[in-house]
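Hello,

Here is the structure I promised to pass on. My notes follow below it.

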Amino acid sequence: MDLTFTVNQKKLNIRAVALLIQDGHLLIHRQGEDDFWSLPGGRVQFGESGAKAIARELLEELGQAIEPPIFRFLHENFFQYADHQFHELGMFYEVTCREPLPLLKEDFYGPEGEGLTYRFVPFEDLEHYTLYPSELAQMLQTNFFPTLLTNDI
């Protein structure tokens with residue numbers, strides 16, 4: 001059972017989020033025809049740690065086993081999506097795949113099919129993407145890799 005609670009049209013989510021970085025690129029994804037991108041991950045299940053949730057999600061979504069994830073930061077996010085108001089707590093983990101993913105130049109899909117589109121983006125190109133949470137670039141710069149991004153993002 002996912003740690004998602006719904007009251008009327010409002011939802012509280014607890015989500016584990018992957019910071020998957022390879023050769024100066026960040027893995028991002030989007031669902032269906034969304035016009036924005038976010039980081040891979042998913043809802044934490046009842047009784048499951050965030051670290052176990054991110055390992056499970058990446059195995060399900062990408063078919064990838066990961067090294068033990070490293071917790072980096074927690075972010076509280078408020079947004080509107082699909083007729084619901086969301087209050088989300090995101091646990092961000094640095095992850096490394098046991099077998100590195102091919103650093104593809106084009107979009108790709110995981111074993112679940114075309115529901116989620118994945119893309120590796122060079123750090124310097126992140127400013128050209130609509131990323132959510134909207135504070136994502138700043139969070140990454142402040143909390144994760146301050147020397148890799150400029151203040152222009």
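Leaving aside its neighbours within four places in sequence, which residues is serine 38 in contact with? They are Ile28, His29 and Tyr132. Contact here means heavy atoms within 4.5 Å. Serine 38 sits in the loop that runs between strand E3 (25-31) and strand E4 (41-43). Its relative accessible area is 14%, so serine 38 is buried. The cut-offs are under 20% for buried, over 50% for exposed and partly exposed in between, with a 1.4 Å probe and protein chains only.

Some ground rules. This is a predicted model, where local features need pLDDT of at least 70, side-chain atom pairs count only at pLDDT 80 or more, and totals for chains, interfaces and linings use all residues. Residues are numbered from 1 along each chain as its sequence is written, and side-chain values use heavy atoms, with hydrogens and water left out.

Now the fold. The protein has eight strands and two helices. Their order along the sequence is β-β-β-β-α-β-β-β-β-α. Both types are DSSP runs numbered from the N terminus: helices are H or I with at least four residues, strands are E with at least two.

Next, the cores. A nonpolar core is a set of buried Ala, Val, Leu, Ile, Met, Phe, Trp, Tyr and Cys residues joined through side-chain atoms within 4.5 Å. The largest one has 20 residues. Leu20, Leu27, Ile54, Leu58, Leu62, Val95 and Leu101 touch the most other members. Two or more residues each come from strand E2 (10-22), helix H1 (50-62), strand E6 (84-95) and strand E8 (113-122). H1 gives the largest share, four residues. A second, separate core holds 15 residues, including Leu26, Ile28, Leu136 and Met139.

Apart from neighbours within four places in sequence, leucine 58 is in contact with Ala18, Pro40, Gly63, Gln64, Ile66 and Val95.

Overall figures:

- The radius of gyration is 15 Å, which agrees with the value near 15 Å for a compact globule of 153 residues. It is taken over C-alpha atoms, and the globule rule is 2.2 Å times the number of residues to the power 0.38.
- The C-alpha trace spans about 40 × 35 × 30 Å along its principal axes.
- Of the 153 residues, 44% are buried.
- Among contacts with a separation of 6 or more, 63% join residues 24 or more positions apart.

Best wishes
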